[in-house]
Amino acid sequence: MLMLALYRRLLYLYPAGYRCKYGEEMAWVFQQAHAEITKGRVFARAEFCAREIGGLLFGSVREQVRRLSNSYDWMSREGGSMESKFRFPRATVFLMLLSLAGVVLSLEEARAIQIHYGVGSSIPPEWPAMLWIFGRLLLIAAATAGIVWGIFFALRRTGVHRLAELKPWREQK
Amino acid sequence: MEQRLPLTEPVLLLLLSLAEQPRHGYSILKDVERMSGGRVTLSTGTLYGALQRLLSHGWIERFKEDEAARDRRAYRLTMQGRKILQAEVERMKHLTKLAGLRTARKEA
């Protein structure tokens with residue numbers, strides 16, 4: 001019962017449309033599988049719970065990304081070769097921009113280090129400093145990703161993506 | 001069709017499971033586990049992700065098996081899905097034959 005309740009809570013991580021379509025069915029399948037595994041050993045039950053929670057978390061992230069990018073192709077191997085026509089999902093563009101930002105920031109940091117230690121001087125291998133720089137880069141990347149995701153989320157909430165479907169004038173019959 | 005091959009093992013097992021008869025989610029889970037000898041165990045999240053993908057490609061279809069069971073939907077292969085599965089089996093047969101020939105030649 002507790003696991004089923006937790007499972008149903010975790011289903012809320014999925015997009016609403018997906019949850020409406022498959023949520024009850026998934027919960028029913030989970031209930032069946034859980035009823036069977038409760039007869040088993042503790043280790044088997046723990047493995048089952050970990051697998052289910054992991055599957056739900058990964059699945060929800062995949063569905064959320066798919067909802068934003070409207071494509072499966074960037075993640076699945078077989079999905080990439082499903083279509084004969086070329087596709088360039090928006091998520092890939094986003095990841096490429098993120099990588100580019102990371103490279104630019106790394107170059108800036110390298111330049112700062114060079115200025116700090118002077119041109120021509122040998123740079124001592126200071127791991128704490130490197131870790132600090134790496135940490136900062138990670139923070140900046142995470143913040144950038146968060147901001148971009150926030151913008152996408154806000155845009156979707158305002159319904160601006162539906163503007164493309166609007167017809168400015170009535171069609172002549 | 002060749003562009004869509006090879007299939008991953010979970011997808012292949014899933015299609016094989018539905019090739020025999022229409023099944024609902026839990027039945028697919030158990031059948032995949034049985035066919036792979038317990039090696040491939042899908043979580044419900046992974047299973048429904050794969051089903052959703054196969055539905056979007058038109059390889060399987062979803063239908064109401066029983067009016068009494070409100071939340072239970074069953075899945076079956078479409079003609080396109082069956083063609084894909086047959087093509088994959090042919091590809092594997094060819095590979096197996098080739099591997100047999102090559103290893104036999106090496107042993108001789």
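1. Of the 108 residues in chain B, 30% count as buried, a residue being buried if 20 or more other C-beta atoms, placed from the backbone, lie within 10 Å of its own. In chain A, buried residues make up 13% of the 173 residues.

2. The model is predicted: local features need pLDDT of at least 70, side-chain atom pairs count only at pLDDT 80 or more, and totals for chains, interfaces and linings use all residues. Residues are numbered from 1 along each chain as its sequence is written, and chains are lettered from A in the order in which they are written.

3. Chain B holds four helices and three strands, where helices (H or I, at least four residues) and strands (E, at least two) are DSSP runs numbered from the N terminus. Read from the N terminus, the elements of chain B follow the order α-β-α-α-β-β-α. Chain A has six helices and zero strands, giving α-α-α-α-α-α.

4. The three strands of chain B form an open antiparallel sheet in the order S1-S3-S2; two strands pair if DSSP finds at least two bridges between them. Strand S1 (23-24) and strand S2 (60-64) of chain B are the edge strands, each pairing on one side only.

5. S2(B) is joined to strand S3 (residues 73-77) of chain B by five bridges, and the two run antiparallel. Within this pairing, Glu61(B) has Arg76(B) in S3(B) as its bridge partner.

6. Contacts (C-beta atoms, placed from the backbone, within 7 Å) can be examined by sequence separation. Among contacts in chain B between residues at least 6 apart, 46% join residues at least 24 apart. For chain A, residues 24 or more positions apart account for 48% of the contacts with a separation of 6 or more.

Notes:
A residue is buried if 20 or more other C-beta atoms lie within 10 Å of its own, exposed if 12 or fewer, and partly exposed in between; C-beta atoms are placed from the backbone. Two residues are in contact if their C-beta atoms, placed from the backbone, lie within 7 Å.
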